[in-house]
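Please look through the sequence and the model below before reading on. The text after them is meant to be read with the structure open.

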Amino acid sequence: MRFVALIVAVGLFAGVAARVNALGNPPSWAEENAKGHFPYHRLTADDFPINDSAYPQFGMHTQGFFRFHYNDHWTEHNGRVVARVRDWNVWSGFDRNKSSRKSWFKKIAETLPHEQGHLDLSELHSKAFADTPVDTLPIGEGATPKEAEANLQRKMTAFSNRITAQNQAEQDRYDAETKHGVNAAKQREWQTSIQERLKRAGIHF
């Protein structure tokens with residue numbers, strides 16, 4: 001039931017794409033699906049392949065992902081090059097490759113609401129990341145365009161890693177307070193709070 005977000009940063013340094021809304025679509029969902037990555041949705045038992053060796057401490061395990069692409073442009077002044085993100089796109093969802101359930105685990109229906117909470121929290125943190133204004137994103141610097149763009153990519157990766165850490169901290173707190181969904185009162189409390197946050201963020205299936 002522990003969740004770790006998968007972060008993949010891809011810098012696209014050539015060309016300019018149209019501005020895409022936060023939590024937009026990837027270049028191709030068909031390609032993502034082929035990799036075992038699916039859009040955010042209501043989880044069912046069929047989402048969880050049986051794997052008795054993965055995450056031995058959990059009967060079920062949910063893992064999400066988020067990815068981002070960006071285009072940057074650079075300018076030069078007094079011998080220093082500065083690279084800035086011009087536009088970017090973030091998308092997220094469910095990673096079926098790293099989600100699983102045990103063959104012996106029978107309380108699937110009872111556990112699905114808890115696992116949905118993990119995916120919901122992932123989506124909330126992904127949305128917060130996606131909603132970062134472009135003009136507040138990291139800036140790359142260097143002596144050459146290549147150096148500046150490499151510096152920008154390192155900073156963007158570090159930025160996404162901070163989002164991952166924040167997400168993981170809340171995922172761990174969610175598990176601890178609900179005792180992995182066993183504490184029914186705490187589970188209901190978390191579910192109510194998560195649903196309110198999803199509504200405020202405009203996130204829906």
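Predicted model: local features only at pLDDT ≥ 70, side-chain atom pairs only at ≥ 80, totals over all residues.

Residues are numbered from 1 along each chain as its sequence is written, and side-chain values use heavy atoms, with hydrogens and water left out.

The protein has four helices and seven strands; helices (H or I, at least four residues) and strands (E, at least two) are DSSP runs, numbered from the N terminus. Along the sequence they come in the pattern β-α-β-β-β-β-β-α-β-α-α. Of the 205 residues, 47% are buried. Here buried means under 20% relative accessible area, exposed over 50%, and partly exposed in between (1.4 Å probe, protein chains only). The protein exposes about 10500 Å², and carbon and sulfur atoms supply 53% of that area; accessible areas come from the Shrake-Rupley method with a 1.4 Å probe, and for residues only the protein chains shown count as cover. Contacts (heavy atoms within 4.5 Å) can be sorted by separation in sequence. Among those between residues at least 6 apart, 81% join residues at least 24 apart.

Strand E7 (residues 139-142) can be taken next. In a regular strand the side chains alternate between the two faces of the sheet. E7 runs antiparallel to E5, and four bridges join the two; strands pair if DSSP finds at least two bridges between them. Arg84 has Ile139 in E7 as its bridge partner.

The structure holds 10 aromatic pairs. Rings of Phe, Tyr and Trp (its six-membered ring) pair if their centres lie within 6.5 Å; planes under 30 degrees apart count as stacked, over 60 as edge-to-face and the rest as tilted. Among the pairs is that of Trp88 and Phe129, which is edge-to-face, with 5.0 Å between the centres and 80 degrees between the planes. This pair links distant parts of the chain, since Trp88 is in strand E5 (residues 80-95) and Phe129 in helix H2 (residues 108-130), 41 residues apart. Trp88 has a relative accessible area of 3% and is therefore buried. Phe129, at 0% relative accessibility, is buried too. Another edge-to-face pair is formed by Trp104 and Phe105, at 6.1 Å centre to centre and 75 degrees between the planes. Here Trp104 counts as exposed because its relative accessibility is 52%, while Phe105 is buried at 14%. Trp88 and Phe129 also belong to one aromatic cluster, together with Phe66, Phe68, Tyr70 and Phe159.

Charged side chains give another set of links. Side chains of opposite charge can pair when their charged atoms come close. A salt bridge is a side-chain nitrogen of Lys or Arg within 4 Å of a carboxyl oxygen of Asp or Glu, and the whole structure has six. One of them joins Arg67 and Glu32, whose closest N and O atoms are 3.4 Å apart. The pair links distant parts of the chain: Arg67 is in strand E4 (residues 64-77) and Glu32 in helix H1 (residues 29-34), 35 residues apart. Both residues, Arg67 and Glu32, are buried.

Asp131 and Lys127 form another salt bridge, at 2.8 Å from N to O. Asp131 is partly exposed, with 41% relative accessibility, but Lys127 is buried at 15%. In helix H3, Glu170 and Arg173 lie three residues apart, about one turn of the helix, and their salt bridge has its closest N and O atoms 3.8 Å apart. Glu170 is buried at 11%, and Arg173 is partly exposed at 41%. Both belong to a network of salt bridges that also links Glu177 and Arg197.

Two loop residues remain. Tyr55, in the loop between strand E2 (37-39) and strand E3 (60-61), has phi near 45 degrees, a positive value in a residue other than glycine. Tyr55 is partly exposed, with a relative accessible area of 27%. Lys179, in the loop between helix H3 (145-178) and helix H4 (184-201), also has positive phi, near 55 degrees. With 53% relative accessibility, Lys179 counts as exposed.
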